[in-house]
Amino acid sequence: RKPFVRRLFWRDLAYAELYKFPTLPHISLRKQYEEQLWSGTQSQLRKWQRGQTGFPLVDAGMRQLWRLGWLPNYMRHITAQFLINFLDISWKEGFRWYDYTLLDADVAINAHMWQNGGHSGASQW
């Protein structure tokens, strides 16, 4: 019961944020992150998207995403943090890929989660 209520809270928070900040899917909420330089390459992004990074857990998750159009929440976090923190690629690329591939894609929730994963969201304050 508690996990369900917690998920409803996070969902409603994401929708409230999108209502208040309609550019959330495209522009970092914390403006200084719009100026951030990312050192990741297009080649690294393609390998991440195709599940060919050489990291078995990340690759399995990304292949599952492509084949099934779905990932468990935990794997979404792992693959997102790998993209942002290890490959040093903008959260916006991850947002776009998840929006394209997830069958349960939700703009509000994905923007909220990717912004926070990229350290530019409201939950980082």
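Colleague: Which residues of helix 1 meet helix 6?
Modeller: On the helix 1 side they are W10, R11, L13, A14, Y15, E17 and L18, and they meet V107, A108, I109 and H112 of helix 6. Keep in mind that this is a predicted model.

Colleague: How do the residues of that contact divide into nonpolar, polar and charged?
Modeller: The contact of helix 1 with helix 6 has 8 nonpolar residues, 1 polar and 2 charged.

Colleague: And at what angle do the two helices pack?
Modeller: Helix 1 (residues 2-20) and helix 6 (residues 107-117) pack at about 90°, and their axes are 8 Å apart. The two are therefore roughly perpendicular to each other.

Colleague: Switching topic: how many aromatic pairs are there in the whole structure?
Modeller: The search finds 10. One of them is W48 with W114: the ring centres are 6.4 Å apart and the planes are at 85°, so this pair is edge-to-face.

Colleague: Where do W48 and W114 lie?
Modeller: W48 is in helix 2 and W114 in helix 6, so the pair ties together parts 66 residues apart in sequence.

Colleague: Are W48 and W114 buried or exposed?
Modeller: Both are buried. Ring pairs also link W48 and W114 with Y98 into a cluster.

Colleague: Last one, helix 5: which of its residues are buried?
Modeller: In helix 5 (residues 91-101) the buried ones are W91, K92, G94, F95, W97, Y98 and T101.

Colleague: What covers them?
Modeller: The cover over the buried residues of helix 5 includes helix 2 (42-50), helix 3 (56-68), helix 4 (73-86) and helix 6.

Note on methods:
Residues numbered from 1 in each chain as written. Predicted model: local features only at pLDDT ≥ 70, side-chain atom pairs only at ≥ 80, totals over all residues. Heavy atoms only, no water. Axes fitted to C-alpha atoms, helices over the stretch in contact; angles between N-to-C directions. Helix = DSSP H or I, 4+ residues; strand = E, 2+ residues; numbered from the N terminus. Parallel < 35°, antiparallel > 145°, perpendicular 65-115°, else oblique. Contact = heavy atoms within 4.5 Å. Nonpolar A, V, L, I, M, F, W, Y, C, P; charged D, E, K, R; others polar. Buried < 20%, exposed > 50% of the residue type's maximum accessible area, 1.4 Å probe, protein only. Phe/Tyr/Trp six-rings, centres within 6.5 Å; stacked < 30°, edge-to-face > 60°.
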